[in-house]
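Here is a friendly walk through one protein model. Keep the structure open beside the text as you read.

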Amino acid sequence: MNTPTAPGSLVRTLQMTLAGSSDVHDIVVRIGLPERDPAPGGDFRVLVEIEGFDQPYSRHFHGVDELQAFLAGCWIVPQVVTALAPTGARLTWLGDDDLGFGTSSATP
């Protein structure tokens, strides 16, 4: 990945191995720091960005305060990467199936 880290974001690099292959591909997850939602009456949001699959993923997740927005972004990552990964792919972080986002997960 050649994409620089955006200021104000936290980055984790996962590894993906496709079924029947020993090639390892990096999947880069960025979770932005919480910010006020600019929508009228909005609370807080974080931007979740994921690169390394065929199409990049980018979406805001919301919460009533900074912590809830950040935790929502963390909680959704294992679900999103599992959905984006090809069938039979194995996703790991530091060699473990637990991707380290507060929930266990990751072999689709």
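What follows goes from the overall layout to the helix and then to a few individual residues.

**Overall layout**

This is a predicted model. Among contacts with a separation of 6 or more, 40% join residues 24 or more positions apart.

**The helix**

Helix α1 covers residues 66-84, which makes 19 residues. From first C-alpha to last it reaches 27 Å, close to the 27 Å expected at 1.5 Å a residue. Even so, α1 bends by about 35° at Val-77, with the proline Pro-78 following within four residues. At the start of the helix, a side-chain oxygen of Asp-65 comes to within 3.3 Å of the backbone nitrogen of Leu-67.

Which residues of α1 are buried? They are Ala-69, Gly-73, Cys-74, Ile-76, Val-77, Pro-78, Val-80 and Val-81. An α-helix has 3.6 residues a turn, so residues three or four places apart point the same way. The cover over the buried residues of α1 includes strands β1 (9-17), β2 (24-32), β4 (44-51), β5 (57-63) and β6 (90-92).

**Rings and a charge**

A search of the whole structure for aromatic pairs finds zero. Rings do feature in another way, though: the charged end of Arg-12 sits over the ring of Trp-93 and also over the ring of Phe-101.

| Charged residue | Ring | Distance to ring centre |
|---|---|---|
| Arg-12 | Trp-93 | 3.6 Å |
| Arg-12 | Phe-101 | 5.0 Å |

Gln-15 is found in strand β1. Is Gln-15 buried or partly exposed? Gln-15 counts as partly exposed because its relative accessibility is 21%, and buried would mean under 20%. Leaving out residues up to four places away in sequence, Gln-15 touches Val-24, His-25, Asp-26, Arg-90, Leu-91, Thr-92, Trp-93 and Leu-94. One of these, Leu-91, is 76 residues from Gln-15 along the chain, yet their C-alpha atoms are separated by 5.7 Å.

Leu-94, another residue that Gln-15 touches, lies in the segment after β6. Most residues other than glycine have a negative phi. Leu-94 is not a glycine, but its phi is positive, at about 55°. Leu-94 is also exposed, with a relative accessible area of 70%.

How values were computed: Residues are numbered from 1 along each chain as its sequence is written. This is a predicted model: local features need pLDDT of at least 70, side-chain atom pairs count only at pLDDT 80 or more; totals for chains, interfaces and linings use all residues. Side-chain values use heavy atoms; hydrogens and water are left out. Helices (H or I, at least four residues) and strands (E, at least two) are DSSP runs, numbered from the N terminus. The expected span of a helix is 1.5 Å times one less than its number of residues. The bend at a residue is the angle between axes fitted to the seven residues ending there and the seven starting there. Buried means under 20% relative accessible area, exposed over 50%, partly exposed in between (1.4 Å probe, protein chains only). Contact means heavy atoms within 4.5 Å. A polar contact is a pair of N or O atoms within 3.5 Å; within protein, one must be able to donate a hydrogen and the other to accept it, and residues adjacent in sequence count only if both atoms are side-chain atoms. Rings of Phe, Tyr and Trp (its six-membered ring) pair if their centres lie within 6.5 Å; planes under 30 degrees apart count as stacked, over 60 as edge-to-face and the rest as tilted. A charge sits over a ring if NZ of Lys or CZ of Arg is within 6 Å of the ring centre and within 35 degrees of the ring normal.
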